[in-house]
Amino acid sequence: MPRNTDTLQIGLAIKAILSDSQALANVIGENKVFPVVAPEGTTFPFVLYAQTGIRETGTKDGLHDETTLVGLDVFSDKYQSCVEASSAVRAALENYSGTVAGCESESESISAVFSGAAARRLLTPICRSK
């Protein structure tokens, strides 16, 4: 199986999916999903995402599978909005199917990352309230 370098685009895919979620926008507002760090002056609540690692599975023939791990954090000044935003993040990502930002959910990308025990950790955003 050829190496799937598109899995490195998973952060862009996650941002696109979350940015399209009306349920999440209802809680945090528009354009409040950022990679790694929020811009100065960003008000609560907001979501951060960051690539946390790559898990590769190899065989004697070379690399067989690659999964990019992404961490999600929801920041809010109120606990309830943090919980609501976390639920909206999970709902938007958990059952997503399709292709976005070069990641196709039927192969080694979104659905592969969002399945199994690793997904339960990944899809449970860390809620950080002030």
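Let me begin with Pro-45, which is found in the loop between strand 1, residues 33-35, and strand 2. The model before you is a predicted one, and in it a cis peptide bond joins Phe-44 and Pro-45, with omega at about -10°. As a reminder, most residues other than glycine have a negative phi, and most peptide bonds are trans.

The loop between strand 1 and strand 2 is also the place of Val-36. Phi of Val-36 is near 65°, a positive value in a residue other than glycine. Val-36 is exposed, with a relative accessible area of 60%. A second case of this kind is Asn-31, whose phi is near 55°, again positive in a residue other than glycine. Asn-31 is found in the loop between helix 2 and strand 1, and with a relative accessible area of 67% it is exposed.

Let me now turn to the chain as a whole. It contains five helices and six strands, and read along the sequence these follow the pattern α-α-β-β-β-α-β-β-α-α-β. The chain has 130 residues, of which buried residues make up 40%. Taking the contacts with a separation of 6 or more, 57% are accounted for by residues 24 or more positions apart.

I come next to the interior. In soluble globular proteins, nonpolar side chains tend to be buried together. Here, the largest nonpolar core has 20 residues, and those with the most contacts inside it are Leu-18, Leu-24, Val-47 and Val-89. Which elements give two or more residues to this core? They are helix 1, helix 2 (22-28), strand 2 (46-59), strand 3 (62-76) and helix 3. Helix 3 gives the most, with six residues. There is also a second, separate core of five residues, which includes Phe-34, Phe-46, Leu-48 and Phe-75.

Leaving aside its neighbours within four places in sequence, Val-47 is in contact with Leu-18, Leu-24 and Val-89, among others. Its contacts also include Ile-28, Val-33, Phe-34 and Val-74, together with the side of the list formed by Lys-32 and Asp-73.

How do helix 1 and helix 3 meet? The axes of helix 1, residues 10-19, and helix 3, residues 79-94, come within 9 Å and cross at roughly 115°. The two helices are therefore roughly perpendicular to each other. Their crossing is right-handed. At the contact, Ile-14, Ile-17 and Leu-18 in helix 1 meet Val-89, Ala-92 and Leu-93 in helix 3. The residues of this contact divide into six nonpolar, no polar and no charged. Two of the residues named here, Leu-18 and Val-89, are also among those with the most contacts inside the largest nonpolar core.

I shall finish with one further residue of helix 3, namely Ser-86. Is Ser-86 buried or exposed? Ser-86 is buried, with a relative accessible area of 10%. In sequence, Ser-86 and Phe-75 are eleven residues apart, and in space they are 9.4 Å apart, C-alpha to C-alpha. Phe-75, as mentioned, is included in the second core.

Key. Residues are numbered from 1 along each chain as its sequence is written. This is a predicted model: local features need pLDDT of at least 70, side-chain atom pairs count only at pLDDT 80 or more; totals for chains, interfaces and linings use all residues. Side-chain values use heavy atoms; hydrogens and water are left out. Axes are lines fitted to C-alpha atoms, for helices over the stretch in contact, and angles run from 0 to 180 degrees between N-to-C directions. Helices (H or I, at least four residues) and strands (E, at least two) are DSSP runs, numbered from the N terminus. Angles under 35 degrees count as roughly parallel, over 145 as roughly antiparallel, 65 to 115 as roughly perpendicular and the rest as oblique. A crossing is left-handed if the near helix is turned anticlockwise from the far one by less than a right angle, and right-handed if clockwise. Contact means heavy atoms within 4.5 Å. Ala, Val, Leu, Ile, Met, Phe, Trp, Tyr, Cys and Pro count as nonpolar, Asp, Glu, Lys and Arg as charged, and the others, Gly among them, as polar. A nonpolar core is a set of buried Ala, Val, Leu, Ile, Met, Phe, Trp, Tyr and Cys residues joined through side-chain atoms within 4.5 Å. Buried means under 20% relative accessible area, exposed over 50%, partly exposed in between (1.4 Å probe, protein chains only).
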